[in-house]
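Hi everyone, thanks for coming. I'd like to walk you through one model today, so please have a look at it with me.

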Amino acid sequence: MRPTATAVAATAAALRAAFFAPPVAASRLLPPRRVLLLPLHCLSSSYSSSAVPPCASPSDSQPPPLPALMDAQFESFRAQLDGSSALRDRIRAVVSEVESASRAATAALLLVHQPVPLADVLGKAKLQVEVIKGLYSQLAEILKECPGQYYRYHGDWRTETQTVVSMLAFTHWLETGGLLTHAEAQEKLGLSSGEFGLDVEDYLTGLCFMSSDFPRYVVNRVTSGDYDCPRKVLSFLTDLHASFRMLNLRNDFLRKKFDGVKYDLRRVEEVFYDVKIRGLVPGESKQEVAQS
């Protein structure tokens with residue numbers, strides 16, 4: 001049975017009224033809330049500093065002083081730096097004396113280029129070596145006050161040590177005609193392989209410095225009639241250069257000094273060549289020189 005037109009119209013009117021009716025307010029669905037009202041002066045103080053409780057006085061909002069821990073830490077730093085500076089001053093005072101003694105020994109060795117007996121030259125140089133040995137003992141005593149910090153202060157005596165090794169190596173060659181080993185250099189300076197020893201790079205750099213003394217020495221010896229000296233020096237420098245070639249030297253200070261050894265070797269070779277082509281090498285006749 002079909003609904004009448006009146007029923008259809010009533011249903012449509014009801015749906016239209018439900019669709020266009022205003023929604024129920026959300027506030028009617030939620031329970032009522034309690035609102036706490038504060039005085040205005042308390043609200044203003046709470047916005048000024050979040051760390052200050054409401055209704056606090058202005059004197060309580062000052063920043064706190066530096067923590068005592070920070071002061072103690074920097075006071076410790078200050079004491080360490082002052083102690084390090086005082087220790088470095090003591091080291092430099094001894095190193096200054098080492099430099100003076102080294103200059104005196106080098107000046108004594110310069111007499112080897114003059115017609116002076118070799119024994120007298122070496123005797124004057126050895127006197128300064130004993131002085132230097134005592135100064136290195138003083139350095140070792142100072143370094144005992146800061147164990148484990150050898151390389152922290154090593155730069156204060158590095159250059160002077162390289163010069164001393166050069167002087168010792170040249171003196172040793174004049175005496176024996178051979179190379180001063182690392183162990184022998186340590187022994188001459190009174191050093192050990194423990195806490196205070198001779199750095200390997202300082203030893204190698206000193207050997208490079210030593211090679212610069214040979215070109216002048218060879219020329220002066222040939223001038224004085226010692227025609228066999230270029231051969232001896234050339235043999236020694238050739239072996240030294242070949243030994244350095246075994247090292248993997250990088251592009252640093254030691255590598256640059258090693259390059260100087262090559263130029264010193266070349267200058268000695270030129271002197272030896274001049275002596276040889278003139279037939280002045282002992283034990284070789286001019287015919288043998290021409291055949292070679």
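I'll talk about the core, then one serine, then a pair of helices. Please keep in mind that this is a predicted model.

Let's begin with the core. In soluble globular proteins, nonpolar side chains tend to be buried together. Here, the largest nonpolar core has 64 residues. Ile-91, Tyr-136, Trp-157, Phe-196 and Phe-214 are the ones with the most contacts inside it. Which helix gives the most to this core? That is helix α5, residues 118-143, with 11 residues.

Let's zoom in on Ile-91. Leaving aside residues up to four places away in sequence, Ile-91 touches Leu-139, Ile-142, Leu-143, Tyr-153, Asp-156 and Trp-157.

Now the serine. Ser-84 sits in helix α4, which covers residues 68-109. Is Ser-84 buried or exposed? Its relative accessibility is 9%, so Ser-84 counts as buried, the cut-off for buried being under 20%.

Finally, the helix pair. Helix α11 (residues 229-244) packs with helix α12 (residues 253-277) at an angle of about 150°, and their axes are 9 Å apart. The two are therefore roughly antiparallel to each other, and their crossing is left-handed. On the α11 side, the contact residues include Val-233, Leu-234, Leu-237 and His-241; on the α12 side, they include Leu-265, Val-268, Glu-269 and Phe-272. What kinds of residues make up the contact of α11 with α12? There are 11 nonpolar, two polar and four charged residues.

That's my tour, and I'm happy to take questions!

Note on methods. Residues numbered from 1 in each chain as written. Predicted model: local features only at pLDDT ≥ 70, side-chain atom pairs only at ≥ 80, totals over all residues. Heavy atoms only, no water. Core = buried A, V, L, I, M, F, W, Y, C linked by side-chain atoms within 4.5 Å. Buried < 20%, exposed > 50% of the residue type's maximum accessible area, 1.4 Å probe, protein only. Helix = DSSP H or I, 4+ residues; strand = E, 2+ residues; numbered from the N terminus. Contact = heavy atoms within 4.5 Å. Axes fitted to C-alpha atoms, helices over the stretch in contact; angles between N-to-C directions. Parallel < 35°, antiparallel > 145°, perpendicular 65-115°, else oblique. Left-handed = near helix turned anticlockwise from the far one by under 90°. Nonpolar A, V, L, I, M, F, W, Y, C, P; charged D, E, K, R; others polar.
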